[in-house]
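Open the model in your viewer and keep the selection tool ready. Each stop below says what to pick and what is there.

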Amino acid sequence: MPVLTTDAESETGIPKSLSNEPPSETMEEIEHTCPQPRLTLTAPAPFADETSCQCQAPHEKLTIAQARLGTPVDRPVRVYADGIFDLFHSGHARALMQAKTLFPNSYLLVGVCSDDLTHKFKGFTVMNEAERYEALRHCRYVDEVIRDAPWTLTPEFLEKHKIDFVAHDDIPYSSAGSDDVYKHIKEAGMFVPTQRTEGISTSDIITRIVRDYDVYARRNLQRGYTAKELNVSFINEKKYRFQNQVDKMKEKVKNVEERSKEFVNRVEEKSHDLIQKWEEKSREFIGNFLELFGPDGAWKQMFQERSSRMLHALSPKQSPVSSPTRSRSPSRSPSPTFSWLPHKPSPPSSPKAASASMSSMSEGDEDEK
């Protein structure tokens, strides 16, 4: 969309092109040539002094409602966020994500203050300015990094970088003799608030390191850093090294205990399996024993059959007493009781019986002769 150029400034120091007043002087229409947001994240974000916005067309003043509707259509809305960004963490990334997603088509510029300004107004940093610049370049939400950003935003700086809105958390930031360094930005209607992430900040991380200083010093000594590099005294160095040895011994004891526990658990598992198998085998053995030697077992039947055979073999059937063979046997002498006692026959009951007895006696006499 073609716009009109203007060089006039408002009373507050903010350029008229960024204020609510319409431009008073007009020139020929100029097309916007502003850089577009990054689409492919295959390289770090560029620095502003390497690829700055050379667009000659002025940026008309936008309201937040207009920007959220997607206007203007011919250029992105240029949003600026600044900070120290020491020990870059997830809280920083979330703030930049909010700044990037404020409007449908946003170009996010991130200003990083130098070491001189930071040490002067805030304090010493863990990371130097080059490291902090490089950390911001590799954040996916950043389209451009501005090195050595000013501590307080000036109209010249806003005009130079064609900034439409400034994104920061809404808590008043008192510094450099001011109760709120973003006060004039808020009065100009260019301030868009973001939300802080609770529980994470650079100060919190430094507090953790200071609180656990001994632990980190011992760890770095163990990794090969010298006491001089860690600014550790000779006595503390010996103390830390002794503590490291004690920790190693504790770790070895712990490993032995864990291995012994594993061994005991394995033995218990094996013993449980052996007991279970023994119970199964014992049940099978008892069942087979009862099947063989029980009341109705095969052994009893076999024993009974063999016993009957043995009894039959040891005691055969005797011949009858009235056998003719035994009465006529010459080897045996007749019983004296019966041989010498007179035989008195019983009287016959009938003539036929009498004749029969007579015939038997005659036969006996013949035998004796």
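## Stop 1: a nonpolar patch

Start with Ile-286, which is partly exposed at a relative accessible area of 48%. The residue is found in helix α10, residues 234-293. Remember as you look that this is a predicted model. Together with Ile-286 they make a nonpolar surface patch of about 440 Å². In an α-helix, residues three or four places apart point the same way, because there are 3.6 residues a turn.

## Stop 2: strand β1

Select residues 77-83, which form strand β1. Is this strand mostly covered or mostly open? β1 is mostly covered, with seven of its seven residues buried. Colour the two sides separately. Val-77, Val-79, Ala-81 and Gly-83 are on one side. Arg-78, Tyr-80 and Asp-82 are on the other. Both faces are covered, and every one of these residues is buried. Side chains in a regular strand alternate between the two faces of the sheet.

Bring in β4, residues 165-169. β1 and β4 pair in the parallel sense over two bridges.

## Stop 3

Next select residues 106-112, strand β2. Seven of the seven residues are buried, so the strand is largely enclosed by the rest of the structure. Ser-106, Leu-108, Val-110 and Val-112 point one way from β2. Tyr-107, Leu-109 and Gly-111 point the other way, and all are buried.

Show β1 again alongside β2. The two pair in the parallel sense over seven bridges. Which residue in β2 is the bridge partner of Val-77? Ser-106 is that partner. Further along, Val-79 stands opposite Leu-108 in β2.

β1, α2 and β2 make a right-handed β-α-β unit.

Now show β3, residues 144-147. β2 and β3 also pair in the parallel sense, over four bridges. To find a facing pair, select Val-110, which stands opposite Val-145 in β3.

## Stop 4

Asp-49 lies in the segment before α1 (64-68) and Arg-147 in β3, so the pair ties together parts that are 98 residues apart in sequence. Check the surface here. Asp-49 is exposed, at a relative accessible area of 57%. Arg-147 is partly exposed, at 33%. This is one of 12 salt bridges in the structure.

## Stop 5: a salt-bridge network

Select Lys-186 with Asp-170 and Asp-180. The three are linked in a network of salt bridges. The side chains of Lys-186 and Asp-170 meet at 3.5 Å, N to O. That pair links distant parts of the chain: Lys-186 is in helix α6 (residues 183-187), and Asp-170 is in the loop between β4 and α6, 16 residues apart. Between Lys-186 and Asp-180, the closest N and O atoms are 2.8 Å apart.

Lys-186 is partly exposed at 28% relative accessibility. Asp-170 is also partly exposed, at 46%.

## Stop 6

Select helix α8, residues 213-222. Highlight Ala-217, Arg-218, Asn-220 and Leu-221, the buried residues of this helix. Turn the view to look down the axis of α8. The buried residues fall within an arc of 165°, so they line one face of the helix. Then step just past the helix to Gly-224, which takes a positive phi of about 115°.

## Stop 7: a lysine under cover

Finish at Lys-61, in the segment before α1. Is this lysine buried or exposed? Lys-61 is buried, with a relative accessible area of 19%; the cut-off for buried is under 20%.

Key:
Residues are numbered from 1 along each chain as its sequence is written. This is a predicted model: local features need pLDDT of at least 70, side-chain atom pairs count only at pLDDT 80 or more; totals for chains, interfaces and linings use all residues. Side-chain values use heavy atoms; hydrogens and water are left out. A salt bridge is a side-chain nitrogen of Lys or Arg within 4 Å of a carboxyl oxygen of Asp or Glu. Buried means under 20% relative accessible area, exposed over 50%, partly exposed in between (1.4 Å probe, protein chains only). Patches are made of residues with over 30% relative accessible area and no salt bridge: like charges are joined within 9 Å, nonpolar side chains (Val, Leu, Ile, Met, Phe, Trp, Tyr) within 5 Å. Accessible areas come from the Shrake-Rupley method with a 1.4 Å probe; for residues, only the protein chains shown count as cover. Two strands pair if DSSP finds at least two bridges between them. A crossover is right-handed if, with the strands pointing away from the viewer, the path from the first strand over the helix to the second runs clockwise. The arc is that of the directions from the helix axis to the C-beta atoms.
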